[in-house]
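Please look over the following structure before reading on. The briefing below then takes up its rings, its pockets and the confidence of its coordinates.

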Amino acid sequence: DAGRNYLEGVQQGDFKKAHFYILNDSVNEIRFKKITDQYYTLDKEGRQQMRMAAIQINEIANVDPKTVLINYQLSIEGHPSSLKVIETQDGWKVDLK
């Protein structure tokens, strides 16, 4: 759920929600800031298209008991992406590295 909730937060422009699911370290913070900045460079129509896009989960692969890779694609993009989610003491968190 952490991965999907993160993706939905970014897609909707709800970066407070998305940030909750980020693994707290300096590299992830820098990458998250870049993702946030990219979203806000979109014009009004681009942000609307992002909010309306469907998230298609292509595959969920268990790398090990504490690491999951989510292969997904947004309907407005022509290529798949992947997202790593790891189990921590604070629950499942997205690792952008």
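In this predicted model, the charged end of Lys93 sits over the ring of Phe20, 4.3 Å from the ring centre; a charge sits over a ring if NZ of Lys or CZ of Arg is within 6 Å of the ring centre and within 35 degrees of the ring normal. Because the model is predicted, local features need pLDDT of at least 70 and side-chain atom pairs count only at pLDDT 80 or more, while totals for chains, interfaces and linings use all residues. Residues are numbered from 1 along each chain as its sequence is written, and side-chain values use heavy atoms, with hydrogens and water left out.

**Aromatic rings**

- Phe20 also pairs with Tyr21: their ring centres are 4.9 Å apart and their planes stand at 90 degrees, so this pair is edge-to-face (rings of Phe, Tyr and Trp, the last by its six-membered ring, pair if their centres lie within 6.5 Å, with planes under 30 degrees apart counted as stacked, over 60 as edge-to-face and the rest as tilted).
- Phe20 is exposed, at a relative accessible area of 53%, whereas Tyr21 counts as buried at 16% (buried means under 20% relative accessible area, exposed over 50%, and partly exposed in between, with a 1.4 Å probe and protein chains only).
- The count of aromatic pairs comes to 6, and in one of them the rings of Phe15 and Phe32 have centres 6.0 Å apart and planes at 70 degrees, so that pair is edge-to-face.
- That pair links distant parts of the chain, since Phe15 lies in helix H2 (residues 15-20) and Phe32 in helix H3 (residues 26-41), 17 residues apart (helices, H or I with at least four residues, and strands, E with at least two, are DSSP runs numbered from the N terminus).
- Phe15 is buried at 9% relative accessibility, and Phe32 is buried at 6%.
- One aromatic cluster is formed by Tyr6, Phe15, Phe32, Tyr39 and Tyr40.

**Pockets**

- The largest pocket has a volume of about 490 Å³ (on a 1 Å grid over the protein atoms alone, where a 1.4 Å probe fits, a pocket is an open set of points with protein on both sides within 12 Å along at least five of seven lines, and lining residues have an atom within 4 Å of a point; points are joined across faces, edges and corners, and a volume is the space filled by probe spheres set on them).
- Of the 23 residues lining the largest pocket, Tyr6, Val10, Ile35, Tyr72 and Glu77 are the closest to its centre.
- Helix H1 (2-12), H3, strand E2 (67-74) and strand E3 (81-88) are the elements that give two or more residues to this lining.
- The second largest pocket, with a volume of about 160 Å³, has a lining that includes Asp1, Arg4, Ile57, Val68 and Trp92.

**Confidence and extent**

- The protein averages a pLDDT of 96, and 100% of the residues score at least 70 (pLDDT is the predictor's confidence in each residue, from 0 to 100).
- Confidence is lowest in helix H4 (residues 44-52), at a mean of 94, and highest in H2, at 98.
- Met52 lies in helix H4 and is exposed, with a relative accessible area of 64%.
- The C-alpha atoms of Met52 and Glu87 are separated by 30 Å, and these residues are 35 apart along the chain.
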